[in-house]
Amino acid sequence: MSKSLFRSPRGTRDILAPESTRRHQLVNRFGEIAERSGFGLLESPIFEDVSVFQRIGASTDIVTKELFEFNDKGNPPQRLALRPELTAGVCRAFAQHRPTVPWKVWYHGPQFRYERPQSGRYRQFMQVGAETLGSDDPHADVEMIGLGLSFYEAVGLRRVRLLLNSLGDVESRSAYRYALTRYLQQRSTELTEQSLATLGVNPLRVLDSKRPADQPVISEAPVMTDFLTEESAAHFQEVQDCLDGLDVSYELAPRLVRGLDYYTRTTFEFVTDSLAAAQNAVGGGGRYDGLVESLGGPSTPGIGLALGVDRTLLACEAEGVLAEVSSAVRVFVVDTVGGSQAVGLCDRLRRAGISTDRAFDRRSMKAQMKLADRSEARIAVIVGPDEQSEGVVSVRDLRSHAGQQKIPEADTVKTVKRLLSTLS
Ligand code: HAM
């Protein structure tokens, strides 16, 4: 085969069936579960003014290194960026429309981050997610975590663990930041150069380092939960009590720092042991009580999550829990006469709600039957010269190959429907 002239850009993929069908099924499953809990679908733009994303945080890689930015053709041009995640866009939409609270939305779609591509890490990837704006009730946090867990349970994943932390409110965090900075400065000679650079911008993000050389310092660092104000501690305790009441198992992860700067109080991550450590987070989320305000809206608490569809599918594969995607096509119309009969038959079958495919280009009977087999359709409806002259069609069960029957053409839909309901 000759090499094609163009390839999909680095870090992006063409996703063909059946993988695309599986992704679609996962998205639908998430939507069903979210809607069952009162979340409504939000569709928002794939690109926004770059300032919207800058609110994610000045020290996050997502903003400083990974944005796909561009100018539009206006005069003067507007600086835009492809969304690297959806929470900032949802908060921008909230500030713009001021819906009644609590505003509960779910979403799905591609996100874009200029990362170094590897298995489970792409420059275009798919997320499903949800946000609840306008409530700081710990029950909203528990509902959000429960939504994620219900999704993993529904797709059959067993090796997903919930890591839980609280980053406290502004007051707790500034006390912690002070203590952490002092500690890291005292041990700065033991840190890697990259962590030293991060320390100057955001000491919390040093805890996020996966570099082995940083681990001894990180493992002895002070933990956030020791610095929570009474109010933040009580909020976090109630989240834990509710999770305990629901028999949800979780691991307290006092050094869990999420890769985005907007978080306050509850933060969590879903990790799987079935993927390599660098990509083992299949989802994550938390509270971001100041984000709407930073986007020009009223002071509004928020909690949300986003789950990576690509990684969830990799985890499904690793755990062997991928449901077989059965072919959507139930009937294949084979027409060797080359008239317009196949067009009419397909039209009638499809209008009757039966998924139907056919061959083109007047292929031979043998070639068309091969295509019918490949389509995994259950039934072939065949029009050859004999059938045409008799005003009938032949109907064949493609799986049992138990002969075929001729039926009046006018009865095709009725007969196919009956057969499909009786055949397993
Ligand atoms: P995040 O942790 O950046 O959070 O992303 C959520 C999930 O998206 C990750 O756990 C991972 O499964 C997937 N993901 C992230 N980057 C990539 C990538 N390059 N390739 C493949 N999958 C990826 C957020 O995006 C927040 N907006 C979550 C949130 C919602 N927090 C509050 N509300």
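**Notebook: the ligand and the sheet**

I began with Gly283, where a backbone N or O atom lies 3.2 Å from an oxygen atom of the ligand. I note at the outset that I am reading a predicted model.

I then looked up how much of the ligand is covered. Taken alone, the ligand exposes 660 Å², and the protein buries 96% of that.

I asked which elements give two or more residues to the shell around the ligand. I found β6 (124–133), β10 (281–287) and β11 (302–308). With six residues, β10 gives the most to this shell.

I turned to the residues of the shell. The ligand is surrounded by 27 residues, and Glu85, Thr87, Glu115, Tyr122 and Tyr263 are the closest. By class, I recorded eleven nonpolar, nine polar and seven charged residues in the shell.

For Tyr263, a polar side-chain atom lies 2.6 Å from a nitrogen atom of the ligand. For Tyr122, a backbone N or O atom lies 2.9 Å from a nitrogen atom of the ligand.

Next I traced the sheet. It is an open sheet of eight strands with mixed pairing, in the order β1-β5-β6-β11-β10-β9-β7-β8. The edges are β1 (40–41) and β8 (251–252); each has a single partner strand, so one side of each is left without a neighbour in the sheet.

I followed β1 to its pairing with β5 (residues 103–112), which is parallel and runs over two bridges. Here Leu41 stands opposite Trp106 in β5.

Last, I looked at helix α10 (residues 230–245). I saw that α10 lies across β7 (160–166), β8, β9 (264–272) and β10, and runs at about 160° to β7.

Notes:
Residues numbered from 1 in each chain as written. Predicted model: local features only at pLDDT ≥ 70, side-chain atom pairs only at ≥ 80, totals over all residues. Heavy atoms only, no water. Near = heavy atom within 4 Å. Polar contact = N/O pair within 3.5 Å; in protein donor to acceptor, adjacent residues only side chain to side chain. Areas by Shrake-Rupley, 256 points an atom, 1.4 Å probe, with all protein chains shown as cover. Helix = DSSP H or I, 4+ residues; strand = E, 2+ residues; numbered from the N terminus. Nonpolar A, V, L, I, M, F, W, Y, C, P; charged D, E, K, R; others polar. Pairing = 2+ DSSP bridges. Contact = heavy atoms within 4.5 Å. Axes fitted to C-alpha atoms, helices over the stretch in contact; angles between N-to-C directions.
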